Amino acid sequence: MRVSVLKTTASILTLIVTLCLCGIALAQSGVIPAPEPVILTDEHDEYPLGLHLEILEDPSGELTIEEVSSPAFDSQFTPSQVAVPNIGFTESATWVRFDVQNESRLTDPWLLEVAFPNIHFIDLYTPLPGGEGFAVKQTGIARPPETRDILHPHFVFNLTVPTQNQQSVYLRFKSDSSIILPITLWKPDVFFIESHWSQILYWLYFGALICLLIYNLFLLFSLRDVNYLYLVTIIASLVIFDAAYAGYLEIYIIPRLYFLRHYYMTLSFALIFVSTVLFADFFLELKAQLPKLHRVNLAILGVWGILTLLIPFTRYYVVANLMVPWGIASLVVVLTAGIVTWRGGFRPARFFMIAWLGFIFTFILVLLVRLGEIPSTIFTENAYRLGWVWMAVCWSLALAERINLLKAETEAANLDLSNSEHRLSQILEGLP
């Protein structure tokens, strides 16, 4: 009896160990099941596609739709494991495919939205009736706005999926900037409602920056203080850069100048940091208080000058990969100067540091997203905009406190001079 129990126990343990080893082997094999098709129904209006996508990297950039849609490439696509795939900076082309099955009554075009507006080339391939090849639509920020199905800051395609039908859709992305793929399939009426509210928030954001710009322009002409010149340059550069980055500049303001985007985006980005370094140098009086940091700032400005001269002669990819790390170095130096002057008792540095810490926190968030270290979400993608508004407001307050401090010191100096003159007068009157 005891032997039978031992044999049964040994068998159970052997089975458990075998199952564990099989589970470990499957986990280590890295086999990821293919994503399920997107099923369109009458009950849903919005379909995020992140977890339905399959992704293929094309290092040569020369694969054709006939090649990637052939059975030979089926096994080379990798299923997406995140809601928003983050490709990052790459010189490879990126192919994306998904299957969509229409079980709704809507046969009219659905809307396929790519909500990252800074991609240079996007090609959409949809199967022709009868399965004989693919129809192609080509757009992107490096192509005229007229190539878009809908004039919108994001890339929005009309996608017709016949009812009770399933088809495979392919997208090809190639960009000198980072590539992030928030892709969603919408019913048209719902998309336009959501887009309306989203654009209201954007215009409120740009309105806040423009109000700050006008306010500081007024102070610049009234007070003739060079610090306001640098602050105005920072805010104006922020408006230009972010309006281009969000896709608004080329769609609504200068659609005919889309081909100059490489120049005004990189130039405005450089001006943000150049003006920031100059503002910090003059505001914190580094030339008199911290001569070594002042010389470091001059060296930083020299490098920015060289990077700016490279803009007409190099690709966006090269310039962006040089400017981003140098921008981080510039932020670190300015932050160091603010900490040292604050600890040294310079009162206006309080607002300066509060503004700077808020900006750096939000800037680091978006940088980590671009590097693929943290997920792309609404907050991480847009936090830097709150940081910029916060920075501009706090720096305006810092300048106001600095001017009040100088005014108080001047009044105190005038009072001391008046007392000295009165005392001298008394002494002179007392002389024989």
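Leu-267, Phe-269, Ala-270, Phe-273, Val-274, Val-277, Leu-278 and Asp-281 of helix H6 meet His-294, Asn-297, Ile-300, Leu-301, Trp-304 and Thr-308 of helix H8, where contact means heavy atoms within 4.5 Å. Sorted by class, this contact of H6 with H8 holds ten nonpolar, three polar and one charged residues. The model is a predicted one, in which local features need pLDDT of at least 70 and side-chain atom pairs count only at pLDDT 80 or more, while totals for chains, interfaces and linings use all residues. Residues are numbered from 1 along each chain as its sequence is written, and side-chain values use heavy atoms, with hydrogens and water left out.

H6 (residues 261–283) and H8 (residues 291–310) pack at an angle of about 165°, their axes 10 Å apart; angles run from 0 to 180 degrees between N-to-C directions, and axes are lines fitted to C-alpha atoms, for helices over the stretch in contact. The two helices are therefore roughly antiparallel, a label for angles over 145 degrees.

H6 also packs with helix H4 (residues 226–245), at an angle of about 150° and with axes 8 Å apart. H4 and H6 are likewise roughly antiparallel to each other. In their contact, 18 nonpolar, six polar and one charged residues take part.

Leaving aside residues up to four places away in sequence, His-262 touches Ile-311, Thr-314, Arg-315, Tyr-316 and Val-319. A polar atom of the His-262 side chain lies 3.1 Å from the backbone oxygen of Thr-314.

Definitions and conventions:
Helix = DSSP H or I, 4+ residues; strand = E, 2+ residues; numbered from the N terminus. Parallel < 35°, antiparallel > 145°, perpendicular 65-115°, else oblique. Nonpolar A, V, L, I, M, F, W, Y, C, P; charged D, E, K, R; others polar. Polar contact = N/O pair within 3.5 Å; in protein donor to acceptor, adjacent residues only side chain to side chain.
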